[in-house]
Amino acid sequence: MPIMPDDMPLFDPRLLQELDWSQNATLFSPALSPENPGDGLIMRPLCTADWSKGFFKVLSQLTKVGEVTLEQFVKKFDHMKKTGDYYITVVEDTYLGQIVATGTLIIEHKFIHACSKRGRIEEVVVSDECRGKQLGKLLVSALTLLSKKLDCYKITLECKPQNVAFYEKFGYSSSEETYMQKRFWD
């Protein structure tokens, strides 16, 4: 039986709708929010139907994605949904039926800080055609507030030195820790 993509969200959309936007630390001009991301745009959780709505095209503007079949996508989506720790959020242009921006919040469960949780923001990208519409700012603001709503003791992200000033607008600061990596493949 073939896999049929659908609109079932990765996580409960009410989590985005119920964010306390008054706690947002960043100004938007014109005003934007998860409820009102701009004309013809909606902000929502990822769903499997996004496989054919340009989700990977947007991600490929950030990094190498590779070929991902619908079957692979649905299998990974189902795994992420079951864990309940992945909050991949997309902005869809409803006029085009295409994903134009995405960002991910991942929750890590810790023994430290009284068995608390840490949030991590990754893979924030806005399509070339939509840059300058504050969508990256909107995603980072929403994911930051979402991590607070989910009771994380802190939230972190990695960024290039030239992007530090952008993230400082949200209350992020550089830490004494050094990001290190060991790649096993590109």
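Trainee: How do you know that the sulfur of Cys 152 is too far from the closest cysteine sulfur for a bond?
Mentor: A disulfide is a pair of cysteine sulfur atoms within 2.5 Å. The closest cysteine sulfur to that of Cys 152 is in Cys 115, 14 Å away, so the two are too far apart for a bond. The structure holds 0 disulfides. Keep in mind that this is a predicted model, where local features need pLDDT of at least 70, side-chain atom pairs count only at pLDDT 80 or more, and totals for chains, interfaces and linings use all residues. Residues are numbered from 1 along each chain as its sequence is written, and side-chain values use heavy atoms, with hydrogens and water left out.

Trainee: What makes Cys 152 buried?
Mentor: Buried means under 20% relative accessible area, exposed means over 50%, and partly exposed is in between (1.4 Å probe, protein chains only). Cys 152 has a relative accessible area of 14%, so it is buried. Cys 115 has 53% and is therefore exposed.

Trainee: Why is the contact between Lys 53 and Glu 92 called a salt bridge?
Mentor: The term asks for a side-chain nitrogen of Lys or Arg within 4 Å of a carboxyl oxygen of Asp or Glu. For Lys 53 and Glu 92, the closest N and O atoms are 3.4 Å apart. The pair links distant parts of the chain, 39 residues apart: Lys 53 is in the loop between strand E1 (41-45) and helix H2 (55-59), and Glu 92 is in strand E2 (residues 86-93). Helices (H or I, at least four residues) and strands (E, at least two) are DSSP runs, numbered from the N terminus. Both Lys 53 and Glu 92 are buried. A search of the whole structure finds 9 salt bridges.

Trainee: What makes the pair of Glu 108 and Arg 120 tie together separate parts of the sequence?
Mentor: Glu 108 lies in strand E3 (residues 98-109) and Arg 120 in strand E4 (residues 117-126), so their pairing joins parts that are 12 residues apart in sequence. The closest N and O atoms of this salt bridge are 2.1 Å apart, and both residues are buried. Arg 120 also forms a salt bridge with Glu 122, with the closest N and O atoms 2.9 Å apart. Glu 122 has 24% relative accessibility, so it counts as partly exposed. A network of salt bridges links Glu 108, Lys 110, Arg 118, Arg 120 and Glu 122.

Trainee: Why is the pair of Phe 56 and Phe 73 called edge-to-face?
Mentor: Rings of Phe, Tyr and Trp (its six-membered ring) pair if their centres lie within 6.5 Å; planes under 30 degrees apart count as stacked, over 60 as edge-to-face and the rest as tilted. Phe 56 and Phe 73 are 5.5 Å centre to centre, with 80 degrees between the planes. Phe 56 is in helix H2 and Phe 73 in helix H3 (residues 70-83), 17 residues apart, and both are buried. Together with Phe 55 and Phe 77, they form one aromatic cluster.

Trainee: How do you know that Phe 166 and Tyr 167 are edge-to-face?
Mentor: Their ring centres are 4.9 Å apart and their planes at 80 degrees, so that label applies. Phe 166 has a relative accessible area of 27% and is therefore partly exposed, while Tyr 167, with 13%, is buried.

Trainee: What makes Lys 137 lie over the face of Phe 28?
Mentor: A charge sits over a ring if NZ of Lys or CZ of Arg is within 6 Å of the ring centre and within 35 degrees of the ring normal. Lys 137 lies at 5.0 Å from the ring centre of Phe 28.
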